[in-house]
Amino acid sequence: MIAFLFRVYGVTTAIRTLCLLIFLSPSLARAESATVAVAANFATTLERLIHYFEQAGDHDIRIVQGSTGKLYTQIHHGAPFDIFLAADTDRPDRLVADGLAMPENRIPYAIGRLVLWSGTETPSEALLRSGTIRRLAIANPELAPYGAAAKEVLAEYGLTDERAPALVMGENVAQTVAMLATGNVDHGLIPLSMASAFGGEVWTVPDTAHAPVRQDAVLLKRGRDNPAARAFFAFLQSDAARAIITADGYREATP
Amino acid sequence: MIDLGPLWLTLHLAAVTTALLLIVGTPLAWWLATTRSRARPFIEAITALPLVLPPTVLGFYLLILLSPNSTLGGAWVSMTGETLTFSFTGLVVASIIYSLPFMVQPLQAAFERVGPMPMEAAASLRASRLDAFLTVAVPLSARGFLTACVLTFAHTIGEFGVVLMIGGNIPGETRVISIAIYEQVETLRYDEAHILSAGMLVFSFLVLALVYTFNRPRMIA
């Protein structure tokens, strides 16, 4: 191709064409847009929030979802996110300590619940205690706070050592849910908010069996002067937003 | 409605990568095809490394190399105000390394087939080395150029692991087709995943069929 270009157009035109091709930016970012990094459990709720928010104004919000731990690492490596909706309080703490997030713009936005989901039998406390579950899907506890909560539940019900089920780990809760929904694993400990999205029977694990999954949001340093990011962060604390969040199976978080 | 953003982004990334690799890869392939240097096997090995290395190894080193905390990444941030990681530019850098053998190897083979004779003939007619290269070696290697460009383009479109590690999943910036499919499967949007996956399957088949059609050695009549 380059030889063809050189022969037909001469060297300068060929180089100019190549330069044009290279520097043409893929995204002509709109001024009023912001990128929100969200823990996978909250992604569908966030879509609902954004739908409501975008109707009210001309801001454009983009979603990037993943596990809290992975997104945290990406922010450290310079990922261009304006807001981070984590599934814990630890990562927002660390971002503030590292100077990557604004300490004055940090709020709890939801408290999550964990459920036992089963595709083959009625999930219950007795089922969990019985130790008959052979394979259990959870999110990776190192990366996903709901995975860490699931580990606490297993310890609480004495499902360690020989009685422990084989754990099948998703990188984040969305991948874990996909394993269950496709029938590849029969049982799983997943967030209540996600279980309701694809149906099936669940048993809600009592709050006493694991530390509450308190989810904090932070405005990142990059989004400090972004009007769209500031507007969305303010909207997150509104009554309308709270109603959408609790309707999706979260408990209301108070600062 | 299916989001076509990842499609355009992927095509753009593949086009930019192919264009830049043509500039970088042509002199390198020519050097490898003509040199008698003892360094040649080592340079050839380095060129072929992306073929055998797991994408995670490339991704890991690139993440460190391009990070704003590194010398290169930091210099880029102070020049442009943007980070190299999790950006389109970063993906271009990664793709150039990742697809390098797909450009260099077909070109090198084509240049080797040209051999020294036509170049010597051109030199005896007082053509400069660049002139001889552009007017003799390049036209004689036309099929090699076509193969190299098509394979580089297609291979960049099929990139996944490296993009996942250094690109994240940012709409309009780094969410290429393979990443979009991964996310659609994870979030149970199988309809959209089917459309994009089937499209990739058909596209890849057509590309390979094209390469094999053009590379069929012609029988002498």
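## A salt bridge between the chains

Let's start where the two chains meet: the side chains of B:Glu82 and A:Arg222 come together in a salt bridge, with 4.0 Å from N to O. Across the interface of chain B and chain A, the rule finds one salt bridge. Keep in mind that this is a predicted model.

Polar contacts turn up here too: six residue pairs across the interface of chain B and chain A, with both residues at pLDDT 80 or more.

## What chain B brings to the interface

On the side of chain B that touches chain A, four helices each supply at least two residues: H1 (5-34), H7 (129-140), H8 (142-157) and H10 (177-186) of chain B. H1(B) gives the most, with eight residues. If you sort the residues of this side by type, you get 22 nonpolar, nine polar and five charged.

How many residues of each chain are in contact? The count is 36 residues of chain B and 31 residues of chain A. The size of an interface is often given as the accessible area lost when the parts come together. Between chain B and chain A the buried area is about 2700 Å², and carbon and sulfur atoms give 66% of that. B:Phe86, B:Glu186 and B:Leu188 supply 20% of the area that chain B buries against chain A, more than any other three residues.

Now for the strands. They pair in a sheet through backbone hydrogen bonds, either parallel or antiparallel.

Take a look at S4(A) and S10 (residues 213-220) of chain A: they run antiparallel and are joined by seven bridges. A:Ala110 stands opposite A:Gln215 in S10(A).

## Another open sheet, with a helix across it

Chain A also has an open sheet of five strands in the order S7-S6-S8-S5-S9, again with mixed pairing. Which strands stand at the edges? They are S7 (166-170) and S9 (201-204) of chain A; each has a single partner strand, so one side of each is left without a neighbour in the sheet. Here the twist averages 30° from one strand to the next.

S5 (residues 114-118) of chain A pairs with S9(A) in the antiparallel sense over four bridges, and A:Leu116 has A:Trp203 as its bridge partner in S9(A). Helix H7 (residues 145-156) of chain A lies across S5, S6 (135-139), S7 and S8 (187-191) of chain A, and runs at about 140° to S6(A).

How values were computed
Residues numbered from 1 in each chain as written. Chains lettered and ligands numbered in written order. Predicted model: local features only at pLDDT ≥ 70, side-chain atom pairs only at ≥ 80, totals over all residues. Heavy atoms only, no water. Pairing = 2+ DSSP bridges. Contact = heavy atoms within 4.5 Å. Buried area = accessible area lost by both parts, 1.4 Å probe. Polar contact = N/O pair within 3.5 Å; in protein donor to acceptor, adjacent residues only side chain to side chain. Nonpolar A, V, L, I, M, F, W, Y, C, P; charged D, E, K, R; others polar. Axes fitted to C-alpha atoms, helices over the stretch in contact; angles between N-to-C directions.
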